[in-house]
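Trainee: I have a structure open and would like to learn how to read it. Where do I begin?

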Amino acid sequence: MTYKETLFFIAKSLTINHEEKNKVLIEAELKLGNIDWDAIVKVSTGHFVFPALYCNLKKANFLHYLPEELVNYMIHITDLNRERNQQIIDQAKEINELLLKNNITPIFLKGTGNLLEDLYEDIGERMVGDIDIILKKESVLKANKILQNNNYRSTSIMFDDHRHLPRLIKANKIAAIELHKDFLEIPYRVNFNYSSVEDAILKTNKNYSFLGDIDKMAMNIFSNQITDDGYEKATISLRNYYDFILLSQNCLSKEVFKKYPKYKKIIISYWAVNSLLKSGDNSSKTSNNPIEKKQIDKVLWILNNPKISHFYNKIKDIKIYLLSRFSILIKAFYKKSNFKFVLSRITSLEWYKRRVFRN
């Protein structure tokens with residue numbers, strides 16, 4: 001199986017309990033027995049959807065088509081992830097109660113928010129990194145101080161314009177905390193910010209608060225397309241895509257477009273690529289929308305030319321990194337927080353090690 005074939009197989013497998021057509025197609029492929037399971041494990045692990053793949057195959061009663069050794073490994077990894085996620089849920093509960101006692105309402109975002117809101121049938125499905133929270137800007141520094149007074153410590157220095165404060169960690173706690181004052185970096189935050197979502201915030205009987213359905217979908221789109229440069233580099237995130245599939249049960253992309261028309265190209269491009277993944281159609285010819293067609297063609301070119309595209313994306317990474325760092329460096333001449341950030345990077349041996357020796 002090529003990388004593209006593997007990617008499409010996994011993407012369709014993640015929809016088999018929502019798309020009957022894909023369920024039939026995946027079962028037919030499984031019956032043929034031509035699946036390169038080593039490739040499936042490698043790609044699904046790299047995209048952080050290995051447990052989600054297992055959970056969907058299990059629910060569809062397809063596990064008997066898989067090698068027994070692989071099923072046992074899937075069970076083991078999913079059990080470990082379920083245990084980790086339960087610790088994250090417990091940690092988020094503590095943070096929620098602590099901040100609410102101090103009249104601060106945390107809004108839980110992305111993976112942790114989805115776990116707390118029961119988006120997944122099995123909490124072992126989703127692989128989660130940090131606990132992301134957004135707060136009113138006037139509450140961010142207060143919340144940061146409260147957490148530090150409760151033995152959380154800052155891991156770095158961050159400049160004032162950054163969308164979140166430095167990550168906070170605590171001994172014996174599994175996840176780092178990111179307190180957001182904005183969802184996105186400048187200039188994208190102008191139209192998608194706390195003010196734009198405030199009226200639709202949802203509260204549960206457990207005292208948790210989340211974004212409204214449209215804004216959760218917007219967050220899913222913009223974090224992938226803008227924060228992770230998915231639009232610029234035409235890259236794919238299956239973990240993000242899987243959340244999109246589940247969130248789509250309550251909200252359609254057109255509702256996001258209606259609320260955030262300024263992000264037209266980004267929303268349309270994201271929807272087009274996810275539709276490509278779900279259908280496995282290898283062509284953009286079915287689309288009459290030039291924005292959709294352009295993005296699909298870019299994605300397919302990258303998937304069909306993995307070696308060239310790897311070099312292409314490395315160049316893009318360097319370009320994006322240098323542009324962002326140049327902006328920070330310029331501001332360091334007249335903004336104290338930027339100067340401290342640059343100085344911390346220059347003097348940090350650990351930072352250089354991460355940059356030089358990262359995988």
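Predicted model: local features only at pLDDT ≥ 70, side-chain atom pairs only at ≥ 80, totals over all residues.

Trainee: How is a pair of packed helices described?

Mentor: Two packed helices are described by the angle between their axes and the distance between the axes. Take helix H1, residues 3-13, and helix H2, residues 20-32. Their axes come within 9 Å. They cross at roughly 130 degrees.

Trainee: What do we call the arrangement of H1 and H2 to each other?

Mentor: Oblique. An angle over 145 degrees would count as roughly antiparallel, and 65 to 115 as roughly perpendicular. The crossing of H1 and H2 is at roughly 130 degrees, so the two helices are oblique to each other. The crossing is left-handed.

Trainee: Which residues in H1 and H2 meet?

Mentor: From H1, look at Phe 9, Lys 12 and Ser 13. They meet Asn 22, Ile 26, Glu 29 and Leu 30 of H2. Sorted by class, this contact has 3 nonpolar, 2 polar and 2 charged residues.

Trainee: Now the loops. Which residues other than glycine have a positive phi?

Mentor: Phe 48 is one of them, with phi at about 60 degrees. Find Phe 48 in the loop between helix H3 (37-46) and helix H4 (50-59). Asn 151 also has a positive phi, near 75 degrees. Asn 151 sits in the loop between helix H7 (137-149) and strand E3 (153-154).

Trainee: What span should helix H13 have?

Mentor: Count 1.5 Å times one less than the number of residues. H13 covers residues 264-279, which is 16 residues, so it should span 22 Å. Its end C-alpha atoms are 22 Å apart, which agrees.

Trainee: What do the buried residues of H13 pack against?

Mentor: H1 again, and also helices H9, H10, H11, H12 and H14. The buried residues of H13 include Ile 266, Tyr 270, Val 273 and Leu 277.

Trainee: Which residue follows H13?

Mentor: Gly 280, with a positive phi near 75 degrees.

How values were computed:
Residues numbered from 1 in each chain as written. Heavy atoms only, no water. Axes fitted to C-alpha atoms, helices over the stretch in contact; angles between N-to-C directions. Helix = DSSP H or I, 4+ residues; strand = E, 2+ residues; numbered from the N terminus. Parallel < 35°, antiparallel > 145°, perpendicular 65-115°, else oblique. Left-handed = near helix turned anticlockwise from the far one by under 90°. Contact = heavy atoms within 4.5 Å. Nonpolar A, V, L, I, M, F, W, Y, C, P; charged D, E, K, R; others polar. Buried < 20%, exposed > 50% of the residue type's maximum accessible area, 1.4 Å probe, protein only.
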